[in-house]
Amino acid sequence: MKSIKQLIINKFNRFSFVLLILTAPGVSGQINPEESRVFNVSADEFYTLINAVNGNIIDVRTLDEYNSGHIENAMLIDYYRGDLQHRLDSLDKSVPVLIYCRSGNRSATATNIMEFLGFRLIYNLENGIISWKEANFELITE
């Protein structure tokens with residue numbers, strides 16, 4: 001459990017981060033359509049982004065991993081299932097994507113595929129769900 005001081009600092013940092021994100025190119029629609037941008041973000045930043053941008057949250061872990069605890073509203077696109085590129089390609093590429101896996105490796109590879117497919121704005125959770133758990137953020141279990 002986080003202390004009150006930590007919560008206040010986190011709220012201030014989240015507010016500052018939201019202002020930065022909302023005024024950055026891409027969120028305001030000013031992104032060059034020829035560019036994609038990938039940002040590796042901390043668990044605190046990822047949490048803030050979930051609440052600040054209207055994007056797709058993608059979990060690229062296995063079904064068992066997903067069922068053991070996932071971020072609320074995350075859609076499962078299993079990295080190992082064999083249709084990762086096809087399933088990613090079916091998503092709206094103009095919508096920001098927040099992506100994660102267990103430790104950050106699978107999601108980092110998936111961001112490369114997403115860049116190739118033309119996604120414009122991608123946020124990858126550094127150190128994956130491990131960092132999310134360490135930050136004591138909520139997980140949904142099936």
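Let me start with Y100, which sits in strand β4, a strand made of residues 97-100, and please keep in mind from the outset that the structure on the screen is a predicted model. Is Y100 buried or exposed? Its relative accessible area is 0%, and because anything under 20% counts as buried, Y100 is buried.

What does Y100 touch, then, if we leave out residues up to four places away in sequence? The contacts are F46, then the run I57, I58, D59, V60 and R61, then H70, I71 and A74, and finally S107, L125 and I129. Two of these residues return when we look at the side chain of Y100 in detail: it makes a polar contact with the side chain of D59 at 2.8 Å, and the side chain of Y100 also reaches the backbone nitrogen of I71 at 3.0 Å.

Now let me turn to the aromatic rings. A pair of aromatic rings is described by the distance of the centres and the angle of the planes. How many aromatic pairs does a search of the whole structure find? The search finds seven, and I will take two of them in turn. In the pair of Y47 and W132, the ring centres are 6.2 Å apart and the planes stand at 45°, so this pair is tilted. The pair links distant parts of the chain, since Y47 belongs to helix α2, residues 43-52, while W132 belongs to helix α6, residues 128-134, and the two are 85 residues apart. Y47 has a relative accessible area of 30%, so it counts as partly exposed, whereas W132, with a value of 3%, is buried.

The other pair also involves Y47, this time with F137, and here the rings are stacked, with 4.6 Å from centre to centre and 5° between the planes. Again distant parts of the chain are linked, because F137 lies in the segment after α6, 90 residues away from Y47 in helix α2. F137 counts as buried, at 12% relative accessibility. Taking the rings together, F46, Y47, Y100, W132 and F137 form one aromatic cluster, which brings us back to the tyrosine we began with, Y100.

Next, the empty space. Rolling a probe the size of a water molecule over the atoms shows where empty space is left. The largest pocket holds about 200 Å³ of space, and among the residues that line it are Y47, W132 and F137, along with I71, I50 and N51. Which element gives the largest share of this lining? That element is α2, with three residues. By class, the lining has six nonpolar residues, two polar ones and two charged ones.

Let me close with the chain as a whole. It has six helices and five strands, and from the N terminus on, the elements run α-β-α-β-α-β-α-β-α-β-α. The chain has 142 residues, of which 39% count as buried. Finally, if we consider contacts between residues at least 6 apart in sequence, 69% of them join residues at least 24 apart.

Definitions and conventions:
Residues are numbered from 1 along each chain as its sequence is written. This is a predicted model: local features need pLDDT of at least 70, side-chain atom pairs count only at pLDDT 80 or more; totals for chains, interfaces and linings use all residues. Side-chain values use heavy atoms; hydrogens and water are left out. Helices (H or I, at least four residues) and strands (E, at least two) are DSSP runs, numbered from the N terminus. Buried means under 20% relative accessible area, exposed over 50%, partly exposed in between (1.4 Å probe, protein chains only). Contact means heavy atoms within 4.5 Å. A polar contact is a pair of N or O atoms within 3.5 Å; within protein, one must be able to donate a hydrogen and the other to accept it, and residues adjacent in sequence count only if both atoms are side-chain atoms. Rings of Phe, Tyr and Trp (its six-membered ring) pair if their centres lie within 6.5 Å; planes under 30 degrees apart count as stacked, over 60 as edge-to-face and the rest as tilted. On a 1 Å grid over the protein atoms alone, a cavity is a set of points where a 1.4 Å probe fits but cannot get out, and a pocket is an open set with protein on both sides within 12 Å along at least five of seven lines; lining residues have an atom within 4 Å of a point. Grid points are joined across faces, edges and corners, and a volume is the space filled by probe spheres set on the points. Ala, Val, Leu, Ile, Met, Phe, Trp, Tyr, Cys and Pro count as nonpolar, Asp, Glu, Lys and Arg as charged, and the others, Gly among them, as polar.
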